[in-house]
Amino acid sequence: MTTIAIAMERIEERIQKACAHSGRERSSVRLMGVSKFHSLSKIEAAWHAGLRLFGENRVQEAAEKFSVFKRQREAELHLIGSLQRNKVKAAVSLFDAIDSVNRVVLIDELGALTTDRETALPILLELHTAEDTKSGFPNLDSLYHAAERVYAFPGLRLDGLMTIAPFTRDEHLIRASFRTLSVARDNLAARFPDYAWSCLSMGMSNDFEIAIEEGATLIRIGTALFGERYT
Ligand SMILES: *Cc1c(COP(=O)(O)O)cnc(C)c1O
């Protein structure tokens with residue numbers, strides 16, 4: 001077995017345990033491998049170990065690693081990092097979903113580039129829930145405004161929300177961040193019932209068990225799967 005296949009097994013066990021602990025089905029949580037700064041050979045190894053969902057932070061790096069890979073392998077690729085305006089077009093053609101939509105102008109640009117798509121581009125709105133991170137809409141009101149904006153674009157499909165918890169060992173702070181996201185989702189679902197709001201992307205290597213307990217449906221794992229990043 002490769003190192004990555006072994007890491008996958010360990011993560012899988014931890015996911016199952018967290019699901020059992022919170023009375024959830026294993027199938028209700030998707031595992032995303034966050035492969036930023038990691039080589040294509042590691043991505044290949046993860047794919048051979050059964051991983052089919054990958055996340056990358058930067059358009060350029062993702063294009064270098066995934067444009068050929070995605071033609072040869074069945075794999076889903078999501079953008080999870082902040083998207084610059086001059087990269088929106090490239091992002092729309094490369095990624096299967098944009099999980100880090102963090103401002104309204106981005107909705108306008110994504111919407112304008114997806115008007116003639118056969119299937120809508122799935123997006124998540126990112127909510128800022130931690131003091132020490134920068135990215136994301138600041139509050140529920142701004143999410144309402146953003147969701148309303150998405151309605152104007154039939155080429156976009158709003159699937160849910162994403163957040164990054166604070167980098168701390170304080171479990172209460174982490175849990176509070178995930179709860180904020182989950183409550184925001186409930187409020188949005190009540191106000192905008194046309195969207196499914198089925199995706200809560202939260203939880204990383206250090207906090208994914210807490211995220212699962214708080215309702216995560218997608219966890220984003222980098223270090224625990226691929227090892228440390230050398231940047
Ligand atoms: C890097 C990154 C991850 C993965 O973090 P790890 O702690 O290495 O698991 C998850 N989500 C986002 C948005 C990231 O940028």
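Let's start with Cys-19, which is buried, at a relative accessible area of 1%; buried means under 20% here, with a 1.4 Å probe and protein chains only. This is a predicted model, where local features need pLDDT of at least 70 and side-chain atom pairs pLDDT 80 or more, while totals for chains, interfaces and linings use all residues. Residues are numbered from 1 along each chain as its sequence is written, and side-chain values use heavy atoms, without hydrogens and water.

Back to the cysteines. The structure holds 0 disulfides, counted as pairs of cysteine sulfur atoms within 2.5 Å. For Cys-19, the nearest cysteine sulfur belongs to Cys-199, 14 Å away. Cys-199 is buried too, with a relative accessible area of 12%.

Now, the ligand. How many residues surround the ligand? There are 13, and the closest are Lys-36, Ser-205, Arg-220, Gly-222 and Thr-223; a residue counts if one of its heavy atoms lies within 4 Å. That shell divides into 6 nonpolar, 4 polar and 3 charged residues, with Gly classed as polar, Cys as nonpolar, and Asp, Glu, Lys and Arg as charged.

On to polar contacts, meaning pairs of N or O atoms within 3.5 Å. Arg-220 places a polar side-chain atom 2.8 Å from a ligand nitrogen. Arg-229 also uses a polar side-chain atom, 2.8 Å from a ligand oxygen. With Gly-222, a polar backbone atom is 2.8 Å from an oxygen of the ligand.

And how much of the ligand is buried by the protein? Taken alone, the ligand exposes 390 Å², and the protein buries 91% of that, by the Shrake-Rupley method with a 1.4 Å probe. Thanks, everyone!

Conventions: Polar contact = N/O pair within 3.5 Å; in protein donor to acceptor, adjacent residues only side chain to side chain. Buried < 20%, exposed > 50% of the residue type's maximum accessible area, 1.4 Å probe, protein only.
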